[in-house]
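Colleague: Hi, I'm new to this one. Could you walk me through it?

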Amino acid sequence: MKEINNNLHSSCEEKFEIKEVGALNKFVKNLFKTKNPDEMIENANKGGLEKTLGAFDLIILGVGAIIGSGIFTVVGIAAAGSPESVGAGPALVLSMILASLACVFSAMCYSEFASMIPAAGSAYLYTYATMGEFLAWIVGWVLMLEYLVGYIAVVNAWTGYLIQFLKGFPFLPAFITNPPVWLISDYGSAVSILSKQGIDPASVIPTFAGIPISLNLPAILITIFMAGVLIKGIKESTNMAGIMVIIKLAVIALFVFTGAFYVKPENWVPFAPNGFEGIFMGAFIIFFAYIGFDAIATAAEETKNPQKNLPIGIIGSLAVCTIVYVLVGLVLTGMVPINQIDTHAPIAHAMRLAGQDWVAGLISLGALTGLTSVLLVLMLAGTRILFAMSRDNYLPSILKSVHKKYKTPHIITILTAFVCIFGTLFLNISTAAELCNFGTFTSFIIVCVAVLILRKTDPERKRPFKVPFSPLFPLLGVICCAGLMIYSMQFLTTSRILFPLWLGFGILIYLTYSYKKQRKSENNE
């Protein structure tokens, strides 16, 4: 009898272990479950988003995102350096070329995927088709960081330029041209500014129930406006971006042609004062401005003839912007010695040093419109990523709702605006830009790898655009992006810690909510 009981006990243990191993195998299998590209395209056709964008519209979107923060703000930091990194000096042009090379290889990979899978979601969908749902979730989570935190960085710079622009009108009341610092800054920045001025922050910043109140009011207002424009319609959004792109390109041309007369070749000596470290860190910093072509891929579902227009939009916008960046970098570093470059408004400041105040005023206006177009594209891209993830049942179903009249994901747009407003209360521009860069590099690397995987797993699939010299070009994309990312980590502190925390938080959400929601959805089918 005792032997029988032992056998029964042993049998139960074996069944439990088999069941446990089976559950683990099923869990791992689900993590790496891929989604068929044909199914993605079919879902996109049922998505309800209106197809209104052509190649020119996509180039406008890309230029609108790329030419903005990089030209008007980040270019000064890349040249002169920041508290956590050295600057490139006149070798800034090499930093720009290095950053653009990293982008070229990635852009080709994006173009192959975007023409093959014309659906909203960008790198998130491409990863889902090749590496499975877990890595797709991670990429989607990283893309949210890239776009939403990038938006916060740019909207903080937008506020600064707005105040500088308003100061040019002396007839305006003082509370508009010189508002309290707690109305135009996050709390940390407000404390830092007041402390540098020798002012006790507690004596200036108001409190409510013992909680200090500091908010970026202009950033909040422009975010609400951006959300309203995007809800109204994607075509209206690109029309608005087109007007702003024309204005800022005209202003940049004015800077290049006027500034060329004030270039002093001796300012280019020494050419690389901080050697390779300065060039590489300059490339890392300026990379923040190159995420525009990535944003184009998120609008694939609203593009007419995406197989043709998406590659043109992605590569075309990158080519235009690289030429503009190099010209501006040459003129800026030739006009102003490195130790005199202003890291907040470098181009306008250069013109003031040259005695061209009227040009500086026009540049401030161009900067304002340029940054506004960047805000528009970043919010557009962020909402489309969330839309794709909600449609795949990883986020609450209500988020995939499309407005009956405007055919846009209005609920996601409102939620995105709220998150961006909340973020402006805590993140400053430098930390937000660095976090955005980490997200951008990660998504670029994964897309380059995904192209190689799909070439092996689905070689017969029609590819309207193919990355040339594969696997060389995708591998060069991985090497360039990974190299810049790893090299920069040894010099950065805050963002280097926050990025892994963001990834950890995303994994926690996936395991506790998104994984279960996906399995429930599959069981109901």
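Modeller: Happy to! Let's start with V204, which touches W182, L194 and I199, leaving aside residues up to four places away in sequence. Touching, or contact, means heavy atoms within 4.5 Å. This is a predicted model, where local features need pLDDT of at least 70, side-chain atom pairs count only at pLDDT 80 or more, and totals for chains, interfaces and linings use all residues. Residues are numbered from 1 along each chain as its sequence is written, and side-chain values use heavy atoms, with hydrogens and water left out.

Colleague: Thanks! Where is V204 found?

Modeller: V204 belongs to helix 10 (residues 201-204). Helices are DSSP runs of H or I with at least four residues, strands are runs of E with at least two, and both are numbered from the N terminus.

Colleague: Why does V204 count as partly exposed?

Modeller: Because its relative accessibility is 32%. Buried is under 20% relative accessible area, exposed is over 50%, and partly exposed lies in between (1.4 Å probe, protein chains only).

Colleague: New topic: how many helices and strands does the chain have?

Modeller: There are 21 helices and four strands. The chain has 525 residues, and 55% of them count as buried.

Colleague: Which helix has the lowest confidence?

Modeller: That's helix 1 (residues 2-31), with a mean of 61, while helix 11 (residues 217-232) is highest at 89. The score here is pLDDT, the predictor's confidence in each residue, from 0 to 100. Across the chain the average is 79, and 87% of the residues score at least 70.

Colleague: Back to helix 11, then. At what angle do helix 7 and helix 11 cross?

Modeller: Roughly 120°, and the axes of helix 7 (residues 133-166) and helix 11 come within 9 Å. Axes are lines fitted to C-alpha atoms, for helices over the stretch in contact, and angles run from 0 to 180 degrees between N-to-C directions.

Colleague: Which residues make that contact?

Modeller: Helix 7 brings Y151, V155, W158, T159 and L162, and helix 11 brings P218, A219, I222, T223 and M226.
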